[in-house]
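Me: Please take a close look at the helix packing here. I would like the geometry, the residues involved and the cut-offs behind each term.

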Amino acid sequence: MVTALAAPARHGRQHLLSEAMRPAAATERWRTRLDDAVVGAALDGVAVIEAAHADEEALAIAVALREALEDAHATAALATPDRALARRVVAALARWNVAVDDSGGDRLGDTSAGLFARLAAEASLGGLAPVTLLALAKHRLFRLGAPEGAHARAVATLERAILRGPRPRPGAAGLAHALTTFRAERASLHPRDPRTHLDEADLDQAAALVARLAAALAPLEGLGESRALFGDIAVRHRDVVAALATEAAGEAVAFGGEDGAGLAAAFDDIAGRPRGDDIELAPTDYPELFLAAIAERVVHRHGAPNARVRVFGLLEARLQHVDRMVLGGLVEGTWPPEARTDAWLSRPMRHDLGLDLPERRIGLSAHDFAQALGAREVILSRPAKLAGVPTVASRFVQRLMAVAGEAHWRQARARGERYLTLARSLDRPPRAQRIGAPQPRPPVHARPTYLTVTDVEHWLRDPYTIYAKHVLQLAPLDPVDTPPGARDRGNLIHDAIGDFTRLYRERLPADPVGELIRHGRTHFAPLADYPEAQAFWWPRFLRIARWFAGWDAERRAGLAATRAEIRGEISIPLGAGAFRLAARADRIEQRADGRYAILDYKTGQARTEKQVRTGLAPQLTLEGAILRGGGFKEVAAGASIAELVYVVLRGGEPAGEQKKLEFEDSTPDAQADLARARFTSLVQRFADERTPFRSLVHPMWRARYGEYDHLARVKEWSAAGEADAGDGA
């Protein structure tokens with residue numbers, strides 16, 4: 001006999017649910033005893049939110065929960081098995097300062113203390129990889145014997161000095177070595193390098209931080225590659241966490257609070273295992289095993305008992321009553337969960353052993369769903385996509401939809417669409433306005449009056465680069481932990497060949513290949529810290545050295561003099577003053593007939609004759625203009641140019657290639673004079689305060705983004721098309 005414990009709810013939703021949850025074998029009798037009036041009454045207080053993605057779902061749920069608080073006595077709750085959704089909703093409610101009693105717990109590894117412990121292990125046993133090290137040093141629990149934030153300046157100095165760009169050698173010793181090397185080479189940095197602003201006091205603080213890090217990480221770093229028991233490594237790990245998180249007063253903040261207590265308990269359990277049951281492993285495998293060991297540990301926060309908005313797990317939701325219940329994350333795999341089959345026990349074996357079948361969790365989640373639908377107001381929510389992957393609506397929702405019928409379900413979706421509309425309008429501006437391309441017009445006195453020939457191409461392609469670099473004085477920072485790139489390779493090869501040519505400008509040595517390799521070893525020495533780059537680039541340089549020695553000997557046969565890495569400069573009249581154009585030519589040769597050849601070494605792609613002739617790549621022709629203007633030392637004004645040559649040095653097959661620029665119906669002298677006239681016109685045009693420094697003015701480079709294009713917000717205004725680009729800020 002069944003005894004009714006309470007009178008049925010007036011909405012009569014239990015009848016609809018009873019039909020929807022029929023066994024699969026009986027679904028052909030759906031709606032045999034329900035009419036439209038019963039279904040309509042049952043769904044009258046139900047809304048369905050079908051969001052586009054997880055963020056939109058969370059914001060729509062937050063709007064629905066916030067709306068419930070307009071009634072001073074109403075309560076509302078979110079019931080979901082998806083903790084990520086719960087965290088999103090709590091964060092969204094924070095914009096209205098809504099107090100939330102979130103009774104659900106978080107995995108220990110995802111809490112602040114758990115994440116700090118994971119970073120400590122990964123950093124110590126992973127060679128202090130820059131990204132992991134910065135995440136550890138910028139964590140709120142990072143102390144190293146000082147108050148929170150006391151090391152912020154030292155961490156910033158360490159980041160700018162040695163962690164941006166190529167990775168230092170592994171370990172704390174590698175950091176100390178990289179910092180010492182940086183201090184020794186700081187005087188040779190380019191004046192525009194942002195690292196030149198680091199003073200000795202900053203570097204002293206960074207060195208002190210590295211020393212403290214070395215002492216704190218020593219228990220784990222000292223393991224080296226020797227295998228050890230899991231429990232023994234955990235003891236060392238705990239010591240490292242304590243040292244990193246200990247304040248000046250001696251308290252280890254990483255073990256405070258609910259998550260800290262959970263972390264301490266996890267360490268105790270791992271270290272307290274019988275040694276006979278422990279496993280031996282390599283230290284590099286420890287971080288993953290530690291994460292697996294704490295994966296099932298859940299940390300619960302202190303509740304807020306007076307809050308009118310709550311977040312429930314499915315079991316808790318059965319035992320609570322609220323005025324508005326939101327059922328979130330109603331997708332297959334979440335609600336209900338996936339039925340996980342056991343690789344070792346089949347279904348008959350589990351049945352014989354008295355163990356639950358994998359599908360039992362699906363039945364329990366169906367019970368949770370039915371119980372939660374008993375609230376006065378119910379909102380069913382699901383995202384159409386999770387992490388970019390389309391989802392499938394929960395089978396419980398599909399059953400409810402099939403029983404309710406299309407008309408009633410459409411009305412429920414319309415009620416849910418209201419919350420989606422409100423959520424989408426929260427951050428939508430009252431009027432959408434397309435951003436225009438930037439056109440800054442700085443005053444004349446702020447505009448540059450000195451440039452190098454390498455900057456002129458930027459000026460032609462993208463004047464905004466000149467504005468950001470020379471007017472705003474902004475210098476880009478290298479990304480964190482990037483391997484040596486093409487620019488570094490080019491500089492090393494340029495410097496080695498430049499030193500060789502400068503030293504032996506009068507006469508080649510007896511063994512030019514050996515001398516080139518000797519200079520190469522000197523300049524490639526910093527690559528000893530980056531064996532992958534060394535292994536790839538050094539063999540290429542050896543091929544370049546052999547090719548260059550033969551080419552250089554043949555080239556010098558008809559020369560009177562050779563100059564390398566020679567600097568020159570000319571002045572362009574500009575109103576009451578002048579504009580200075582400077583260059584450092586890779587190589588200038590004086591031929592026997594008195595004329596000159598200008599050569600430029602390229603480790604990348606050489607410019608084409610058309611690009612040079614049309615003025616889009618004016619480096620060589622402007623160097624020619626400087627030469628003809630008497631800007632290079634030891635070269636008289638009015639000198640004639642015989643050749644403009646690119647020497648391509650890639651180290652492949654062939655290792656090098658000479659590309660002489662041939663101009664139809666013109667000469668190098670005429671091209672140099674034309675380049676000077678074009679540059680003079682460019683200087684005069686930008687001397688006018690009304691001329692803006694626009695972004696990406698030449699279509700040839702529209703698809704090639706530069707170092708300052710994010711400041712110009714190129715990807716925003718270029719999507720609208722050139723016709724829509726207005727006068728930006």
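Reply: The account below goes through helix packing, then some single residues, then confidence.

This is a predicted model, in which local features need pLDDT of at least 70 and side-chain atom pairs count only at pLDDT 80 or more, while totals for chains, interfaces and linings use all residues. Residues are numbered from 1 along each chain as its sequence is written, and side-chain values use heavy atoms, with hydrogens and water left out.

Two packed helices are described by the angle between their axes and the distance between the axes. Axes are lines fitted to C-alpha atoms, for helices over the stretch in contact, and angles run from 0 to 180 degrees between N-to-C directions. Helices are DSSP runs (H or I, at least four residues), as are strands (E, at least two), and both are numbered from the N terminus.

Helix H1 (residues 13–20) packs against helix H16 (residues 395–404) at an angle of about 110 degrees, and their axes are 9 Å apart. H1 and H16 are therefore roughly perpendicular to each other (angles under 35 degrees count as roughly parallel, over 145 as roughly antiparallel, 65 to 115 as roughly perpendicular and the rest as oblique). On the H1 side the contact (heavy atoms within 4.5 Å) involves Leu16, Leu17, Glu19 and Ala20, and on the H16 side Arg399, Leu400, Val403 and Ala404. By class, 6 of these residues are nonpolar, none polar and 2 charged. Ala, Val, Leu, Ile, Met, Phe, Trp, Tyr, Cys and Pro count as nonpolar, Asp, Glu, Lys and Arg as charged, and the others, Gly among them, as polar.

Leu400 of H16 has 2% relative accessibility and so counts as buried (under 20% relative accessible area; exposed is over 50%, partly exposed in between, with a 1.4 Å probe and protein chains only). Leaving out residues up to four places away in sequence, Leu400 touches Leu16, Leu17, Ala20, Phe369, Leu373, Leu380 and Trp409. Leu16 is 384 residues from Leu400 in sequence, with 7.7 Å between their C-alpha atoms.

A second pair is helix H20 (residues 486–503) and helix H21 (residues 512–524), whose axes come within 9 Å and cross at roughly 135 degrees. H20 and H21 are therefore oblique to each other, and H20 passes H21 in a right-handed crossing. Residues of H20 in this contact include Asp495, Phe500 and Leu503, which meet H21 residues including Pro512, Arg518 and Phe524. The contact divides into 9 nonpolar, 3 polar and 4 charged residues. Pro512 in H21 is buried, with a relative accessible area of 18%. Outside four places in sequence, Pro512 is in contact with Phe500 and Ala549.

Helix H24 (residues 619–628) has 9 of its 10 residues buried, so it is largely enclosed by the rest of the structure. Just after H24, Gly630 takes a positive phi of about 75 degrees.

As for confidence, the chain has a mean pLDDT of 90, with 97% of its residues at 70 or more; pLDDT is the predictor's confidence in each residue, from 0 to 100. Residues 722–729 have pLDDT below 50, and this stretch has 16 contacts in the model beyond near neighbours in sequence.

Note on methods:
Left-handed = near helix turned anticlockwise from the far one by under 90°.
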